[in-house]
Amino acid sequence: MNKTLAGQLRWCLEALRDQDEAARDFFARKKEWDDLRRPPSKRVYAGGSFSAGAFVTILGVGALSASIAPIMRFAGNHFLLWVLVILVLAVIGGVVFGKSGAAKKEAQVQAENQRLAQKHADEMKNRGDAVSPACQASRERLYHASKEAQRRGEQCGIHESYLKSGIVQTLLTYIETGRCDTLKEALNLFEQEQREEMRDAADAAHRRAMQQKADAIYEETLRSADAAEEAARSADAAGMLSAAALAAAASKKQSSDNDFRVV
């Protein structure tokens with residue numbers, strides 16, 4: 001095992017892990033800050049301005065009022081006019097009560113929006129002074145951690161495209177287990193195994209696709225066989241019925257001929 005190279009890779013891996021931890025902390029802080037700054041969604045009243053309840057109530061009152069004697073006589077003599085008057089009053093009532101109710105609900109929605117906006121402002125005032133500096137501090141930590149990881153990677157001779165904790169850990173494993181003695185050998189082995197993994201994944205995907213096609217063909221074959229078998233059974237049943245009908249007709253004809261036979 002190349003102990004010098006293994007020590008350099010461990011040294012580089014330590015910086016990369018610090019960078020990963022700093023990145024996780026920064027993204028968590030950034031999400032918290034973005035969520036805090038995001039204003040609440042405004043509520044919107046989506047109801048109509050017509051009251052169906054008032055419309056139905058007025059119709060019901062009009063129908064019940066027809067039981068009063070004077071109105072009953074008028075309704076009986078002018079039925080269509082009475083129905084038209086009730087409908088007009090019901091529509092007017094639905095519009096009036098609907099607009100009144102819509103105005104109240106709209107005012108409630110506006111009050112709720114103001115309450116949410118004030119709550120958001122209070123949260124920004126109470127937490128903003130703590131969350132914003134923490135987010136900025138985590139950003140600076142990530143910046144310095146990235147610079148340190150880049151510096152160590154350059155000193156170890158690792159290209160930035162391989163400067164990831166998972167890759168460096170794999171390279172370190174190659175060196176520690178004796179599979180490679182130099183960084184170049186470890187990188188070549190890593191690329192080779194990556195290609196093999198991609199090829200295996202492509203082969204597995206191809207096998208799954210072919211298996212799905214085979215399953216689909218098998219299911220279609222079973223359906224066709226079942227349909228053919230059902231058609232055959234239907235044909236046999238039809239043939240048996242036809243034969244029975246012919247036998248019955250022949251028997252009837254013979255019986256009819258015997259009725260007119262002279263002995």
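These legends describe close-up views of aromatic pairs and salt bridges in a predicted model.

**View 1. The tilted aromatic pair F26 and F27.** Two aromatic pairs turn up in a search of the whole structure. In the pair of F26 and F27, the ring centres are 5.4 Å apart and the planes make an angle of 55°, a tilted arrangement. F26 is buried, its relative accessible area being 6%. F27, in contrast, is exposed at 54% relative accessibility.

**View 2. The edge-to-face pair Y162 and F190.** The ring centres of Y162 and F190 lie 6.2 Å apart with the planes at 80°, so this pair is classed as edge-to-face. Y162 belongs to the loop between α4 (79-156) and α5 (165-176), while F190 belongs to helix α6 (residues 183-259). The pair therefore ties together parts that are 28 residues apart in sequence. Y162 counts as buried, with a relative accessibility of 17%. F190 is buried as well, at 10%. Both values fall under the 20% limit for a buried residue.

**View 3. The salt bridge between D35 and K31 in helix α1.** The structure has 14 salt bridges. In one of them, the side chains of D35 and K31 meet with an N to O distance of 2.9 Å. Both residues lie in helix α1 (residues 3-37) and are four residues apart, about one turn of the helix. D35 is partly exposed, with 34% relative accessible area, whereas K31 is exposed at 53%.

**View 4. The salt bridge between R37 and D34 in helix α1.** The side chains of R37 and D34 form a salt bridge of 2.9 Å, N to O. R37 and D34 are both part of helix α1, with a spacing of three residues, about one turn of the helix. R37 is partly exposed, and its relative accessible area is 43%.

**View 5. The salt bridge between R38 and D35.** The closest N and O atoms of R38 and D35 are 2.9 Å apart, and the two residues form a salt bridge. D35 is also the partner of K31 in a salt bridge. The relative accessible area of D35 is 34%, which makes this residue partly exposed.

**View 6. A salt-bridge network of four residues, E14, E148, R151 and R152**. In general, side chains of opposite charge can pair when their charged atoms come close.

Definitions and conventions. Residues are numbered from 1 along each chain as its sequence is written. This is a predicted model: local features need pLDDT of at least 70, side-chain atom pairs count only at pLDDT 80 or more; totals for chains, interfaces and linings use all residues. Side-chain values use heavy atoms; hydrogens and water are left out. Rings of Phe, Tyr and Trp (its six-membered ring) pair if their centres lie within 6.5 Å; planes under 30 degrees apart count as stacked, over 60 as edge-to-face and the rest as tilted. Buried means under 20% relative accessible area, exposed over 50%, partly exposed in between (1.4 Å probe, protein chains only). Helices (H or I, at least four residues) and strands (E, at least two) are DSSP runs, numbered from the N terminus.
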